[in-house]
Amino acid sequence: MTETQTKTSSPEFRAASGAMDGLREDLFRHVFAYRPLPPLSPEGRFIRRLPDGPKRAVVWAPHALVLFAAFLVMMAGFSEWEYRFLMGVVPAIPVAMTLIRPVAAFWASMVATVFCGILGSDGLWGPSAFMAQVVVLVVVAARTRPRTAAWMWLLTLFFGMLLEGGAPSITAPVVTLSAFALLVVAVVQIRRDAEREVTVQRTVTAVERDRRTLLEERTTIARELHDVVAHHMSVVAIQAEAAPYRVENPPPELEQAFVTIRENAVAALTELRRVLGVVRAEDYEAPDAPQPTLAALDGLLDNVRETGLETEKVITGAVRELPQGVELSAYRIVQEALSNSLRHAPGASARVELGYVLGGLGLRVVNGPPRGLVKPSPGAGHGITGMRERVAMLNGEMTAQATDDGGYEVAVFLPVSLSEQPERPESGGAAGGNADTVVIGRDGRA
């Protein structure tokens, strides 16, 4: 049928044409296709609870049931007085064929029914033919789809009425019993397909949610680092503009070099702001304060203590100023770890450890198990993802795992190269590079 004829034909004609195409697809194309019945999954709901020995046998239960049904069909055929061997073996063959060639088994069952009707004394549907036809319909329907089951049932009805001369009385028991059996099989298939579709959709949704979470965290990190990078680029531009005035009678080449540096810094700053505009959300509001560093960590701990989380800060090593991006990431990691402690371990205490070593900064935030009657509140699951992104950005290492006492621990190492480490220590820290330890108690005092 051409495309023009399809558009001009009536809906009834298109429906009938589609039905015939479905019949050809289900029962005529690839009739002898080899489709062995696979074993059950060992990870099924009930099979996975069995020991390994019985599990290896149970996965072949469908094959055993089909072969047992073929044995019963053969025994039913042996009840005939004449040709008992043929009356038992011939109908049993299509039943066994459903294990490897289901569509061919249906047509073989039709042929076996005619064969038994000719040789037998019980008419068209003798005991063995009756059982074989019902079993074949059920097994083939379970192995294909509901549409195929409907076609097989209709063909069985027309086949019986044709051989009976239009009187359906003899075929009625077969089609009635098979109709109930096929209805049950179709309902089970539809439910199984629906569950599989729901599982697939949940998996896709979870993947998309994780991907969206990752992008949101990266966008947040990019917005925060913009302030850090923009500050340094602005300083470069200002210093390049002021440098020629600090030198008496500077040569033209030097003035031109500083002009070029300033122009490149301004151009880089402009591009940076343009990139930030791409990743900025519509409801994003620029912060009215500088991005925090580890110098603001005490204020964070004070706020956390006000919410009821007992915290303790321990500093080891020579406290010194680190690159601003490292300090910002370290602050955010501690902030997120403490937020997780408040959310998932209410009533517990937390300990924040900062270790200044030669190669970088070590962080460790550990909390105990939840205490009291307050139940933990579920979170969105973004915290660990954000921390891992910040650590990966700085080529660091991170572990997040439960502790033996039921608490949780987040351990991070942020590397800092020697060229990035200023030698100027902070006030209140260990001067002169001495490796001291400062413990800030739960009340916020050293």
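Which helices do the buried residues of H5 pack against? They pack against helix H4 (61–77), helix H6 (102–119) and helix H7 (127–143), where contact means heavy atoms within 4.5 Å.

## Basis of the model

This is a predicted model, in which local features need pLDDT of at least 70 and side-chain atom pairs count only at pLDDT 80 or more, while totals for chains, interfaces and linings use all residues. Residues are numbered from 1 along each chain as its sequence is written, and side-chain values use heavy atoms, with hydrogens and water left out.

## Helix H5

Helices (H or I, at least four residues) and strands (E, at least two) are DSSP runs, numbered from the N terminus. Helix H5 covers residues 84–97, 14 residues in total, and reaches 21 Å from its first C-alpha to its last, close to the 20 Å expected at 1.5 Å a residue; the expected span is 1.5 Å times one less than the number of residues.

The buried residues of H5 are Met 87, Gly 88, Pro 91, Ala 92, Pro 94 and Val 95, with buried meaning under 20% relative accessible area, exposed over 50% and partly exposed in between (1.4 Å probe, protein chains only). Viewed down the axis of H5, these buried residues fall within an arc of 150°, so they line one face of the helix; the arc is that of the directions from the helix axis to the C-beta atoms.

## Aromatic pairs

Rings of Phe, Tyr and Trp (its six-membered ring) pair if their centres lie within 6.5 Å, and planes under 30 degrees apart count as stacked, over 60 as edge-to-face and the rest as tilted. By this rule there are three aromatic pairs. In one of them, the ring centres of Phe 106 and Trp 107 are 5.2 Å apart and the planes stand at 65°, so the pair is edge-to-face. Phe 106 is buried, with a relative accessible area of 0%, whereas Trp 107 is partly exposed at 26%.

The rings of Trp 125 and Phe 159 have their centres 6.4 Å apart and their planes at 75°, so this pair is edge-to-face. Trp 125 lies in the loop between H6 and H7 and Phe 159 in helix H8 (residues 146–163), so the pair ties together parts that are 34 residues apart in sequence. Trp 125 is buried at 9% relative accessible area, and Phe 159 counts as buried at 16%. Phe 28, Phe 106 and Trp 107 form one aromatic cluster.

## Strands E4 and E5

Strand E4 (residues 397–402) and strand E5 (residues 408–415) pair in the antiparallel sense over six bridges, given that two strands pair if DSSP finds at least two bridges between them. The bridge partner of Ala 402 in E5 is Tyr 408. The two strands form a hairpin with five residues between them, and Gly 406 in the turn has a positive phi of about 95°.

## Salt bridges

Eight salt bridges are found in the whole structure, each being a side-chain nitrogen of Lys or Arg within 4 Å of a carboxyl oxygen of Asp or Glu. Arg 196 and Asp 193 meet in one of them (2.9 Å, N to O); being three residues apart in helix H9 (residues 172–242), they are separated by about one helical turn.

The salt bridge of Glu 312 and Arg 351 (3.3 Å, N to O) links strand E1 (residues 310–316) with strand E2 (residues 349–357), the two residues being 39 residues apart. Glu 353 forms a salt bridge with Arg 364, the closest N and O atoms being 3.0 Å apart. Glu 312, Arg 351, Glu 353, Arg 364 and Glu 409 are linked in a network of salt bridges.
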